[in-house]
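This report concerns one protein model and reads its local geometry and side-chain packing. Please consult the sequence and the structure shown here.

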Amino acid sequence: MTEIAPTSSPKRPSPLVVLELLKPLTWFPPMWAFGCGIVSSGQSPAGRWPTVLAGVVLVGPLVCATSQAVNDWFDRHVDAINEPDRPIPSGRIPGRWGLVIAWIWTALSLAVASQLGLWACGATVFGLVLAWAYSAPPVRLKQNGWIGNSAVGLCYEGLPWLTAAAIMTNGAPDQRIVLAALLYSIGAHGIMTLNDFKSIDGDRMMHVASLPAQLGTHRAALLACVTMTSAQAIVIALLLLWGQPVHAAIVIALLCGQFALMRRLLQSPRERAPWYNSTGVSLYVLGMLVTAFALGRITA
């Protein structure tokens with residue numbers, strides 16, 4: 001096994017290294033989903049901007065960042081193989097500071113959530129439990145790509161969406177909002193599968209059953225494409241059923257764009273998975289926003 005940096009050094013990590021550990025680029029999906037939840041509620045954020053801002057900070061720089069710290073701590077041996085320059089295996093975050101940061105961010109998340117009402121607090125507790133269960137033993141949901149990717153998809157897309165809708169309406173979200181949020185969470189299972197391509201070597205060596213490690217690159221990529229497509233196809237059908245043909249047509253156009261990109265992805269899945277995550281996934285999340293606007297028209 002590749003050795004990771006010694007963990008006995010007493011020095012503290014610098015703020016910039018801590019920020020690197022918390023991975024700001026990963027905060028975008030839940031923050032975007034939270035925005036979709038606001039739009040889908042049909043309620044104006046006017047006069048509620050402090051609450052909206054606190055919610056955005058909660059789902060991104062706090063809860064999502066917590067999940068990144070937890071994951072990097074418990075994946076430090078795998079990262080020593082796949083990405084040895086990351087903060088923990090490189091020794092730039094020494095000792096048990098990675099775990100300490102994860103606990104501090106968990107506490108901060110709960111503190112902010114407690115100020116946003118019962119629904120936000122409950123959703124945050126649920127999301128944090130999933131974040132720790134995903135990476136930490138003995139549960140370690142990521143050991144199985146089918147279960148682990150479902151948990152991440154729900155936390156990245158569905159949970160922030162429903163949290164925002166509940167905050168804006170001060171109650172349980174409309175059933176149509178719940179259905180759309182869950183469908184996009186299911187589709188996000190495919191996005192998470194593509195994200196696992198970067199760690200396939202370490203996963204195989206450390207017996208982490210990610211879907212690329214289980215199924216091979218081509219079958220995993222094909223599964224990801226089918227999952228994303230199926231979820232969006234059902235959303236399109238629902239938009240038509242709910243009397244929103246214009247929004248359905250826009251989502252169809254975005255899906256057609258994804259088809260063209262998927263074809264290129266499947267020609268060389270391992271090499272092009274990162275490329276698809278920055279192109280095809282962008283069209284996917286635009287479809288989320290279009291769907292949110294349609295729901296906002298219905299629920300207003």
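The sections below treat helix packing, aromatic and charge–ring pairs, and backbone features in turn.

The model is predicted: local features need pLDDT of at least 70 and side-chain atom pairs pLDDT 80 or more, whereas totals for chains, interfaces and linings use all residues. Residues are numbered from 1 along each chain as its sequence is written, and side-chain values use heavy atoms, with hydrogens and water left out.

**Helix packing**

Helices here are DSSP runs (H or I, at least four residues), numbered from the N terminus. Helix α2 (residues 28-41) packs with helix α13 (residues 269-299) at an angle of about 20°, and their axes are 6 Å apart. Axes are lines fitted to C-alpha atoms over the stretch in contact, with angles from 0 to 180 degrees between N-to-C directions. The two helices, α2 and α13, are therefore roughly parallel, a term for angles under 35 degrees. Contact (heavy atoms within 4.5 Å) involves residues including Trp32, Cys36 and Val39 of α2 and Leu289, Phe293 and Thr299 of α13.

**Aromatic and charge–ring pairs**

The structure holds six aromatic pairs, defined for rings of Phe, Tyr and Trp (its six-membered ring) with centres within 6.5 Å; planes over 60 degrees apart are edge-to-face, under 30 stacked, and the rest tilted. Two of these pairs are tabulated.

| Pair | Centre to centre | Angle between planes | Class |
|---|---|---|---|
| Phe28 and Trp32 | 5.4 Å | 45° | tilted |
| Tyr184 and Tyr284 | 5.4 Å | 85° | edge-to-face |

Tyr184 in helix α8 and Tyr284 in helix α13 are 100 residues apart, so that their pair links distant parts of the chain. Both Tyr184 and Tyr284 are buried, that is, under 20% relative accessible area, where exposed is over 50% and partly exposed in between (1.4 Å probe, protein chains only). By contrast, Phe28 is partly exposed at 43%, as is Trp32 at 23%. Phe74, Trp103 and Trp132 form one aromatic cluster.

Arg76 lies over the face of Trp73, 4.0 Å from the ring centre, and Arg264 over that of Trp275 at 4.8 Å; the criterion is CZ of Arg or NZ of Lys within 6 Å of the ring centre and within 35 degrees of the ring normal.

**Backbone features**

The Pro137 to Pro138 peptide bond is cis, with omega near 5°. Arg140, in the loop between α6 and α7, has a positive phi near 45° and is buried at 12% relative accessible area. Asn170 has a positive phi of about 55°, but is exposed at 65%.

Note on methods:
Angles under 35 degrees count as roughly parallel, over 145 as roughly antiparallel, 65 to 115 as roughly perpendicular and the rest as oblique.
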